[in-house]
Amino acid sequence: MTTSTSSRERVAEGADRPAVEIVNVRKSFGDVEVIKGLSLRVARGEVLCIIGPSGSGKSSLLRCVNHLEKIDFGAILLDGSYVGYRRVGETLHEMRLSAIAAQRAQVGMVFQRFHLFPHMTALENIIEAPVGVRKESKAEATARARALLDRVGLADREGAYPGQLSGGQQQRVAIARALAMQPKVLLFDEPTSALDPELVGEVLTVMRSLAEEGQTMIVVTHEIGFAREVADRVVFMDDGQVVEEGLASEVLESPREQRTREFLGKVL
Ligand code: ADP
Ligand code: MG
């Protein structure tokens, strides 16, 4: 009895609802289909790593998750809500821009090339969206930004401009900026591949600590060691499709598919 009650309560709270659900999504650029009927689920608190060759559609998929690209078919749900669309009867209508912006604020994105505002300090970069989009007071946003800078190991650099920071420091500011919006999911698109090798570790350390704290993350990465250590599940994507998915240990140590083995043979 106790079990059924508690599971009912969990369903009522939406605790069993995936953070992100991608259902049979298709996406073309012109005549070229780059996502070919792809489905994936990411549970709350889960770290999903996506690996795969260049051009396999990984970035396009991430961009669809926050509606930077529109999907042609299928659906993406963020915490149970359609991304970019609202349902009216049997049909889906694209949301208004204001609603898209509000939804996008729930998805943090960290890019290969940081994309910080060059004319703003680290602190100003972090408070920009909380103050501008979420209408937090500057004092409140600043207090949280300082805590976030401390969390990514940059408490002493709040007044630095991006040009005064190393690539690894800039990427850690970018992570703090994404966290400042308290996103339901953080998307990382090859966050360390533009960094000098000696700066990769400091960024992966921050990401590892977020994973330990239960932040839901989808990480596109070529860092197989990171994926093996931190990912709950690994997806190998090729040619716009999921070729193989499973526990990190399964996919990386004993892949079932020949294409996965060939890819791992090249990157390891
Ligand atoms: P990955 O991140 O796995 O390298 P991408 O999602 O960047 O793959 O690209 C998948 C395919 O889609 C590639 O063939 C790429 O050239 C194409 N593509 C990506 N973005 C666009 C775009 N905006 N317009 C046209 N083609 C695109
Ligand atoms: Mg890419």
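Helices (H or I, at least four residues) and strands (E, at least two) are DSSP runs, numbered from the N terminus. This is a predicted model, in which local features need pLDDT of at least 70, side-chain atom pairs count only at pLDDT 80 or more, and totals for chains, interfaces and linings use all residues. Residues are numbered from 1 along each chain as its sequence is written, and side-chain values use heavy atoms, with hydrogens and water left out.

**The annotated domain**

An unreviewed UniProt entry lists residues 20–264 as "domain: ABC transporter". Its positions follow the numbering used here, feature names are shortened, and annotations may be inferred rather than shown by experiment. Over residues 20–264 the chain is 37% helix and 28% strand.

Four strands form an open sheet in the order β2-β1-β4-β5. Their pairing is antiparallel; two strands pair if DSSP finds at least two bridges between them. At the edges are β2 (32–42) and β5 (81–82), each pairing on one side only. Strand β1 (residues 20–29) runs antiparallel to β2, and 8 bridges join them. Val 20 stands opposite Val 42 in β2.

**Two helix pairs**

Axes are lines fitted to C-alpha atoms, for helices over the stretch in contact, and angles run from 0 to 180 degrees between N-to-C directions.

| Helix pair | Angle | Axis distance |
|---|---|---|
| α6 (residues 167–179) and α7 (residues 197–212) | about 20° | 8 Å |
| α4 (residues 122–132) and α5 (residues 138–151) | about 130° | 9 Å |

Angles under 35 degrees count as roughly parallel, over 145 as roughly antiparallel, 65 to 115 as roughly perpendicular and the rest as oblique. The angle of about 20° therefore makes α6 roughly parallel to α7. With about 130° between them, α4 is therefore oblique to α5.

A crossing is left-handed if the near helix is turned anticlockwise from the far one by less than a right angle, and right-handed if clockwise. The crossing of α6 and α7 is right-handed. The crossing of α4 and α5 is right-handed.

Contact means heavy atoms within 4.5 Å. In α6, the contact residues include Gly 167, Arg 172 and Leu 179. Those of α7 include Leu 199, Glu 202 and Met 207. This contact has 7 nonpolar, 4 polar and 2 charged residues. Here Ala, Val, Leu, Ile, Met, Phe, Trp, Tyr, Cys and Pro count as nonpolar, Asp, Glu, Lys and Arg as charged, and the others, Gly among them, as polar.

In the other pair, α4 contributes residues including Ala 122, Ile 126 and Pro 130. Among those from α5 are Lys 138, Thr 142 and Leu 149. The contact of α4 with α5 has 10 nonpolar, 1 polar and 3 charged residues.

Terms used:
Chains lettered and ligands numbered in written order.
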